[in-house]
Amino acid sequence: MMDWTDRHCRVFHRHLTRRALLYTEMLTTGAIIHGDRERLLGFDACENPVALQLGGSDPSELAQAARIGEAFGYDEINLNVGCPSDRVKDGRFGACLMAEPELVARCVDAMKRAVAVPVTVKCRIGIDDQDPEVALDTLAHAVVAAGCDALIVHARKAWLNGLSPKENRDIPPLDYERVYRLKRAMPDVPVIINGGIPGIDEAKAHLEHVDGVMLGRAAYQEPWRLLSVDSDIFGEAAPHATMQDALEAMMPYIEAQLARGTRLHAITRHFVGAFHAVPGARAFRRHLAEQGVKPGAGLDVLRDAIARVAVRAPAEAAA
């Protein structure tokens, strides 16, 4: 979810669910070690629990980046072994590491020795011509032996040669049963499933077979779905009754960010799908697109956009 789940997005999502674990964009070890750490890693305390997702393949650099992340207050360090983008492959991290399970295990071992928070791995069921039955088991057993606390499995192969990153999100067929078989084979290891899961009802069905569900595009493109997470999954009340209430609760955060020089659009770009299929949703999006990008745009722009939309409660959103 590079360029998507930044700190503003995560604050927004936390106003929709108190319980879901949020993940950062994938950040490379080089950026964290040598870059502007506050800009890259700083986050609002309201985001917790939040996991830091790392990209890298050098055990010592991953250990150093993990220590830095833990010091910033992240609740989990996650190693990405699933991203298929070209720039990731060229840097020898992401999905190409599915071909090097022993290296991934050494990376996990180094991170586990460096931090006290959980260390997890996000992977695919295989890449290119690998047999998913062999590739996933090999990687899983290697990283668990190294101390990995949980596996997050995107239930598709990644084709690094022949498909674009966008095509890798849709074309390789989903194989949820392969992830279920992994869980049955490793009953004591937390296994979280990911890939093409469109909503909370489908997530609940997966939870009959695995320990957790990760939503990516569904959570970002249709964030209203998150309003029903706490009630439907955890049996608790949602943080806010409506999306309007959630956005109103974000106003102090947005005001503080604007005062620091953040442009309104940097925050409201994450709200595009907030009112999917609600009367007035198009007018909401249009107003933000036209007015939110202007220099000096403030809270009045967001309030004017919200006023164009009908009210929908979580129960209606889930219908």
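## Exercises on a predicted model

His 8 sits in helix H1, which covers residues 7-14. The model is predicted.

**Exercise 1.** Decide whether His 8 is buried or exposed, and find which residues it touches.

*Solution.* 
- Step 1. The relative accessibility of His 8 is 9%.
- Step 2. Buried means under 20%. His 8 therefore counts as buried.
- Step 3. Leave out residues up to four places away in sequence. His 8 then touches Met 250, Tyr 253, Gln 257, Thr 262, Ala 266, Ile 267 and His 270.

**Exercise 2.** Check the span of helix H4 (residues 59-72), then find what its buried residues pack against.

*Solution.* 
- Step 1. H4 has 14 residues. The expected span is 1.5 Å times one less than the number of residues, which gives 20 Å for H4.
- Step 2. The end C-alpha atoms of H4 are 20 Å apart, so the two values agree.
- Step 3. The buried residues in H4 include Leu 62, Ala 63, Ala 65, Ala 66, Ile 68 and Gly 69.
- Step 4. An α-helix has 3.6 residues a turn, so residues three or four places apart point the same way.
- Step 5. The buried residues of H4 pack against helices H2 (29-34), H3 (37-41) and H6 (101-114), and against strands S2 (50-55) and S3 (76-81).
- Step 6. Just after H4 comes Gly 73, with a positive phi of about 105°.

**Exercise 3.** Explain which parts of the chain the salt bridge between Glu 236 and Arg 19 ties together.

*Solution.* 
- Step 1. The whole structure holds eleven salt bridges. In one of them, the side chains of Glu 236 and Arg 19 meet at 2.6 Å, N to O.
- Step 2. Glu 236 is in the loop between helix H11 (229-234) and helix H12 (243-249), and Arg 19 is in the loop between H1 and strand S1 (22-28), so the pair ties together parts 217 residues apart in sequence.
- Step 3. Glu 236 is partly exposed at 36% relative accessibility. Arg 19 is partly exposed too, at 37%.

Notes: Residues are numbered from 1 along each chain as its sequence is written. This is a predicted model: local features need pLDDT of at least 70, side-chain atom pairs count only at pLDDT 80 or more; totals for chains, interfaces and linings use all residues. Side-chain values use heavy atoms; hydrogens and water are left out. Helices (H or I, at least four residues) and strands (E, at least two) are DSSP runs, numbered from the N terminus. Buried means under 20% relative accessible area, exposed over 50%, partly exposed in between (1.4 Å probe, protein chains only). Contact means heavy atoms within 4.5 Å. A salt bridge is a side-chain nitrogen of Lys or Arg within 4 Å of a carboxyl oxygen of Asp or Glu.
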